[in-house]
Each structure stands twice: as structure tokens, then as C-alpha cells.
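Open your viewer, switch to a cartoon view, and follow along one stop at a time.

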Amino acid sequence: EFSLGLSIYSIWKRSNKDLADKTSLYAIKFLTQLYDFDQAYSLLSEIEDSNEKLLYELNILQHQGKDALAATKIQQLLDDPMLEKDKFFYIILRNSAHLCSYKEAEYNLKECIKFFNTHGTLFERATIYNNISVIQIWNGIETYSEAKNNLKKSINIHQSIQSNEIFEPYCNLSVLLFMEGKYTDALRYANLALEELPHRLEMDVIILNINKMIIEVALGKTDLNTLYQELKNYCTKPVAFKDPWIMFQISYNLYNIEKAMDGFSTTEYSDYYIDKCHMYTGFEV
């Protein structure tokens, strides 16, 4: 419960500086989870440098669409002669796969698997298998089979520890099945993802609902106009404006639906995620 955690931190900040200092990293993490990226970033200056601090900083930068700055900071980390390869270093590698070429991302994620197989929790292993599957889906049909195997590993682990973050591999398996034209199975896993997803994660709720409705259009269970109206509704939600990748998915789909229905579109979208010559493994069309 991120809001409660922040309330406790605020009380300590007024009454117990020592406790506040010791828990400020949690405040940054909670603020990021609540999409208050500016305030979270402002607290970073009060924290001593560490891989954990950099992890949270990189999460914020990527939510703000500052991928180039994030990539520069990751390269500086890798070039550091005093580099400490602790748990947070490997989580940074896990989270930054989309900022690398496919081969680099694959190598980094396999290094993460080696580390977390001996030093990590089951949950952490499940997240790595999920992230490997994501780049394998983005890479194309030649790695779909490997992606499916890694998604099964991730789902099995999440089920064994009863983790609701199983919504992530469910979502990605739904995407993979959709790409294979298996729309009924894709819809099943999209629904399973929505059932497990904590609804306070509003950005994920938006993306999963868009995915679900696109599958339903493919199945003839809904029409383009219904999807269009739902996308227009998402445009009014403040959370949609906090992350440019989220806003891009809404506006890009609106643009394409308007073109399909009317032959022209008045919707504008950022071209940042378009045709980046496959320099990276993801976050592009």
C-alpha cells in the first residue's frame, strides 16, 4: 500500500530524521509506483550513490521517456572500473534490455539468470524469464518458441509462490498468441492478466485493456468504434500523460482507427517510437 507507506515516511520526516533518512529510498520507490515521477526524482539528490539509487533513477527516467539519458547512465555504470555487481546491478541489466541490441540484451539477461539462480529469490528468477521472453517476442517469429518456453517458466514460478505479478507473463503470452493469430487463446490470457493485475497500477490497466479490446476486435466480439471511444476516454485520464510510451499507444491507435474509419486522422502522435532502425529491442513500432 504505497500511499500508506508514504504517509509513514512523511511522519518520520517531521519527527525522526534518522528514520526518514534510512527509508528515503522506499519513499522514492513508492512515489514512482504512484507515478509521481517529479517528486521521486527530487528526492534522489538526498541519497548516497549506489546501484540501488541508480536503479530507481533509471526507472524514473524511462517513465519520463528520457531513454537516451538512461542509456548513457547505464553505459557509465558498465564502464566504471570500480563496478560492484550486486543484486541491483543485475536488476538494472534486467530492466534495461530494451535499450540494447537484441544480442546485447540476450547476453545481459542470461547473465542475470546465472546470478539470480544462485543469489536470488524465485520471484526474481520469474521476472528474468519474463523479460527474456519480451525481447524474444520483439525479435520476431524465429524466437517465438523460445519466448513461449520462458513464459511458461515464469508463469510456473509465479504460480508456485502465488505472486500476482503473474499478470506480466500472462500479458506477454497473450501478445505472443495474438501475433501467432491464436486470438481466442490470446483473449483468455489477457483476461487472466486483468484478473491478477492490482487495479491501482493504472498504467498497466490501460495497456492491458487496450490489448484486450484489440483482440476482441480481431475476434469480432467488439467493433472499431467501441475501441475508439474507449481510447478517447483514456485520453482524459491524467495518468495517461505521465508516461510518453503510454500516451503514444493511445494516440497511435486513435490515429490508425480514424484512418481506417474515415480515411484521414486529426490525432497527432510522437514519432519517437517509430522506425528507429531496430537499434534497440523494443519500445518502437
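Before we count anything, a word on terms: helices (H or I, at least four residues) and strands (E, at least two) are DSSP runs, numbered from the N terminus. This is a predicted model, in which local features need pLDDT of at least 70 and side-chain atom pairs count only at pLDDT 80 or more, while totals for chains, interfaces and linings use all residues. Residues are numbered from 1 along each chain as its sequence is written, and side-chain values use heavy atoms, leaving out hydrogens and water.

**Stop 1: the whole chain**

Select the protein chain and follow it from the N terminus: the elements run α-α-α-α-α-α-α-α-α-α-α-α-α-α. That comes to 14 helices and 0 strands. The radius of gyration is 20 Å, close to the 19 Å that the globule rule gives for 285 residues, so the chain is as compact as a globular protein of that length. Here the radius is taken over C-alpha atoms, and the rule is 2.2 Å times the number of residues to the power 0.38. Turn the model around: along its principal axes, the C-alpha trace spans about 60 × 40 × 40 Å.

How much of the chain is buried? Buried residues make up 48% of the 285. Buried means under 20% relative accessible area, exposed means over 50%, and partly exposed is in between (1.4 Å probe, protein chains only).

**Stop 2: helix α6**

Now select residues 87-95, helix α6. Of its 9 residues, 7 are buried, so the helix is largely enclosed by the rest of the structure. Show the side chains of the buried ones: F88, F89, Y90, I91, I92, L93 and R94. Next, colour what covers them, which includes α4 (51-63), α5 (67-79), α7 (102-119) and α8 (122-139). Contact means heavy atoms within 4.5 Å.

**Stop 3: aromatic rings**

A search of the whole structure finds 16 aromatic pairs. Rings of Phe, Tyr and Trp (its six-membered ring) pair if their centres lie within 6.5 Å; planes under 30 degrees apart count as stacked, over 60 as edge-to-face and the rest as tilted.

Then move to F248 and Y269, another edge-to-face pair, with 6.0 Å centre to centre and 80° between the planes. F248 lies in helix α14 (residues 244-262) and Y269 in the segment after α14, so the pair ties together parts that are 21 residues apart in sequence.

**Stop 4**

Most residues other than glycine have a negative phi. Select Y35, in the loop between α2 (17-33) and α3 (37-43). Y35 has a positive phi of about 65° although it is not a glycine, and it is buried, with a relative accessible area of 7%.

Finally, select Q162, in the loop between α9 (144-160) and α10 (167-179). Q162 has a positive phi of about 55°, and it is not a glycine either. At 75% relative accessibility, Q162 counts as exposed.
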